[in-house]
Each structure stands twice: as structure tokens, then as C-alpha cells.
Amino acid sequence: MKPAVILYKKLPDDLRARLAAHADITEISDLSPASQQQHAEALAQAEGLLGSGGKVNGELLAKMPKLRACSSVSVGYDNFDVDALNQRHVVLMHTPTVLTETVADTIMALVLSTARRVPELDAWVKAGNWQKSIGPERFGIDVHHKTLGILGMGRIGMALAQRAHFGFGMKILYNARREHQEAQSRFGAERCELETLLEQSDFVCISLPLTEQTHHLIGAEQIALMKPEAVLINAGRGPVVDENALIAALQAGKLHAAGLDVFEKEPLPTDSPLLSLPNVVTLPHIGSATHETRYGMMLDAVDNLIAALSGKVDKNCVNPQALK
Ligand code: DGY
């Protein structure tokens with residue numbers, strides 16, 4: 001008999017069929033309380049869970065006594081209570097490799113669009129304002145040969161450093177617990193304290209996961225260390241930055257700009273002051289959102305779940321200790 005699996009994300013037909021060859025699928029729209037109530041029986045029988053965007057916590061696990069494996073269509077796993085999964089010996093799979101280059105492209109897009117004010121000037125032209133050559137009040141700042149500081153020198157940080165160093169001749173600083181030999185030898189990246197990175201970088205790029213340690217890592221005190229012409233880019237997780245502190249700094253003109261793909265609350269509330277600041281570029285959490293990469297993530301997630309349910313976990317596992 002095939003194991004029962006809950007799918008809380010729509011998959012393309014071919015990937016659904018790939019999973020269906022190994023599992024009996026029940027598709028549900030999301031993990032909201034209403035959906036959990038509606039599908040209580042299916043949850044109670046399920047050995048696998050695949051999707052993204054819903055909270056998987058002790059409360060949900062209590063409704064899924066047979067659960068053995070979760071597969072997230074994401075690299076980040078802050079939606080999962082890993083301690084609760086470990087206690088239940090439920091393995092958690094994710095997609096850490098397939099999205100690296102695409103997310104680095106998104107960060108570079110934020111760097112360029114904030115520095116050169118692309119969305120702001122695009123709106124200005126489309127509003128019919130371009131009547132004569134622009135003056136300095138619409139100039140941007142250079143990207144090439146500036147200093148880029150990276151918080152989170154993982155796979156995405158490395159792919160960003162590669163773009164910035166080879167493509168734009170930028171100096172790379174990074175803050176990490178350990179020396180990153182490869183970053184140093186390939187990109188001449190220099191490891192430094194957080195304070196030094198904030199003081200010296202023209203672009204501070206965050207690609208950190210959300211943990212207790214990174215929550216509000218960047219607040220008023222840290223933003224105050226940044227140069228007034230610097231740019232803050234966040235493509236990790238929203239709560240790594242204290243959003244109110246960032247808004248206050250931007251409103252007071254203390255930074256050149258901010259480029260944000262992630263927010264403390266998503267979707268970003270329509271009354272957020274960020275939406276009325278012309279020097280803020282806001283994206284709807286699109287780090288990995290290209291057709292090719294999202295397909296690749298779903299393919300990995302399907303294969304990860306099949307492997308986990310058949311006891312063949314050799315990669316992409318967040319908590320191998322749960323298998324013991
Ligand atoms: C990820 O994969 O973690 C992206 O941020 C999408 O959630």
C-alpha cells in the first residue's frame with residue numbers, strides 16, 4: 001500500500017503524477033484552521049506532508065499521529081517547529097540548492113534598482129514627466145566598485161559575492177561565525193564584525209534565515225551605523241530587520257534607499273509607510289520566483305518526500321537527527 005500524503009500546494013500535472021506513483025495524495029488548499037478541520041480525517045492518516053507557506057507546529061502534529069516526513073518547497077524552514085518534529089521523529093526536507101542563483105539574481109536586481117532608482121524613474125516617465133533632460137535631483141548612485149556587505153555567507157551569499165565581485169568589481173565584506181576560505185580566495189572577501197560591515201558597506205545585503213538569534217538583528221542602533229548614502233537590502237526573512245526602525249530611518253533621510261523582498265508581515269499591509277517612500281523598492285517575496293526555479297524546487301520537494309518516505313534520505317534534510 002502506498003503511504004498517504006497531504007499536498008498543500010498545487011503541483012504541475014507531471015510532478016503530481018510523479019508523486020502519485022509513490023503516494024496516495026489528498027490535496028488541500030492550505031494549512032489554515034478551517035482547512036485542518038475540513039480535512040481532519042486525511043490529516044490523521046497522512047504519513048507525508050508537502051507544500052509551503054503554512055505553519056507546521058505542535059498543534060498540527062498532534063492531528064497527524066502517523067506523520068513521518070515533511071517536505072517544504074523552500075530553502076527557509078522558519079514555518080516549521082523543528083524541535084517538535086524532532087520529538088516526533090518526523091524528518092524535514094527542504095530545497096537548499098536549486099534556488100541559489102535565482103535568489104542571488106533577485107538581490108542584484110534590488111541593488112541595481114535601488115541605486116539607480118529604476119522603479120521610481122520608470123513611474124516618473126510613465127506619468128509623462130520627462131519633458132527635458134533630468135537634473136541631479138534624479139541621479140542615482142554607482143554600484144560598480146563600491147563595497148557590498150553580506151550578512152549570511154551561505155550558498156546565496158556566495159552567488160551574490162560572485163556577481164558583485166566579477167560583474168561589478170565590488171569589494172566584498174561579510175559577517176559570519178567562521179572564516180569562509182572559498183569566499184576569501186575566490187572573491188577576496190573580508191570577514192569582519194557586524195558593526196564594521198555596517199559602517200563600511202555601501203550596500204548591506206541580508207540573506208540570513210530567521211532564527212531566535214537573527215530576529216531584529218538589524219534595528220535602530222545598527223541602522224544608525226550605516227553611511228547616509230548606503231542601501232539596505234533584505235531578501236532573507238522580514239523579521240531579521242526591525243521594520244519600524246527602518247521606516248523611521250528612511251523617513252528621517254538617514255539612508256539612500258532600501259530594497260525589500262521580505263517583510264515582517266506578508267503580504268505587506270496596504271497601509272505600510274514603506275509603500276509611500278519613493279526610495280524603497282518593494283517586491284512580493286519573489287526571491288526564487290521564476291518559472292524554471294519554482295519548477296525545480298517543486299521537483300526537488302517531490303523527490304525529497306519520496307526519498308524520506310522510503311527511508312532513503314541522503315541530502316536536503318534539515319534534521320537528520322530525527323531519523324535516529
Ligand atoms: C525560500 O525558499 O525560503 C524562499 O524564501 C521562499 O519562501
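This report walks through a predicted model, from its annotated domain to its side-chain pairs and its cavity.

## How to read the model

Residues are numbered from 1 along each chain as its sequence is written. Because the model is predicted, local features need pLDDT of at least 70 and side-chain atom pairs count only at pLDDT 80 or more, while totals for chains, interfaces and linings use all residues; side-chain values use heavy atoms, with hydrogens and water left out.

## The annotated domain

Let's start with the record. UniProt, in an unreviewed entry, places the feature "domain: D-isomer specific 2-hydroxyacid dehydrogenase catalytic" at residues 5–319. Its positions follow the numbering used here, feature names are shortened, and annotations may be inferred rather than shown by experiment.

In the model, this span is 37% helix and 14% strand, and its end C-alpha atoms lie 20 Å apart. Helices (H or I, at least four residues) and strands (E, at least two) are DSSP runs, numbered from the N terminus.

## An aromatic pair

A pair of aromatic rings is described by the distance of the centres and the angle of the planes. Rings of Phe, Tyr and Trp (its six-membered ring) pair if their centres lie within 6.5 Å; planes under 30 degrees apart count as stacked, over 60 as edge-to-face and the rest as tilted. How many aromatic pairs does this rule give? The count comes to one. F166 sits in helix 8 (residues 155–168) and F187 in helix 9 (residues 181–187), so the pair ties together parts that are 21 residues apart in sequence.

F166 is exposed at 56%, whereas F187 is buried at 2%.

## Salt bridges

Side chains of opposite charge can pair when their charged atoms come close. A salt bridge here is a side-chain nitrogen of Lys or Arg within 4 Å of a carboxyl oxygen of Asp or Glu, and the count comes to twelve. One of them joins E101 and R163 at 2.8 Å, N to O. E101 belongs to helix 6 (residues 100–115) and R163 to helix 8, so this bridge ties together parts that are 62 residues apart in sequence. E101 is partly exposed at 42% relative accessibility, while R163 is buried at 18%.

Another bridge links E27 and K10 at 3.1 Å, N to O. E27 is in strand 2 (residues 24–27) and K10 is in the loop between strand 1 (4–7) and helix 1 (13–20), so parts 17 residues apart in sequence are tied together. E27 is partly exposed at 29%, and K10 is exposed at 63%. A further bridge pairs E120 with R117 at 2.9 Å, N to O. Here E120 is partly exposed at 23% and R117 is buried at 15%. Salt bridges that share partners also join K10, R16 and E27 into one network.

## A cavity inside

On a 1 Å grid over the protein atoms alone, a cavity is a set of points where a 1.4 Å probe fits but cannot get out, and lining residues have an atom within 4 Å of a point. Grid points are joined across faces, edges and corners, and a volume is the space filled by probe spheres set on the points. The structure holds one cavity of 30 Å³ or more, and the largest cavity has a volume of about 40 Å³.

Which residues line the largest cavity? They are N234, G238, V241, E243, L246, L260 and V262. By class, this lining has four nonpolar, two polar and one charged residues. Ala, Val, Leu, Ile, Met, Phe, Trp, Tyr, Cys and Pro count as nonpolar, Asp, Glu, Lys and Arg as charged, and the others, Gly among them, as polar.

Terms used: On a 1 Å grid over the protein atoms alone, a cavity is a set of points where a 1.4 Å probe fits but cannot get out, and a pocket is an open set with protein on both sides within 12 Å along at least five of seven lines; lining residues have an atom within 4 Å of a point. Buried means under 20% relative accessible area, exposed over 50%, partly exposed in between (1.4 Å probe, protein chains only).
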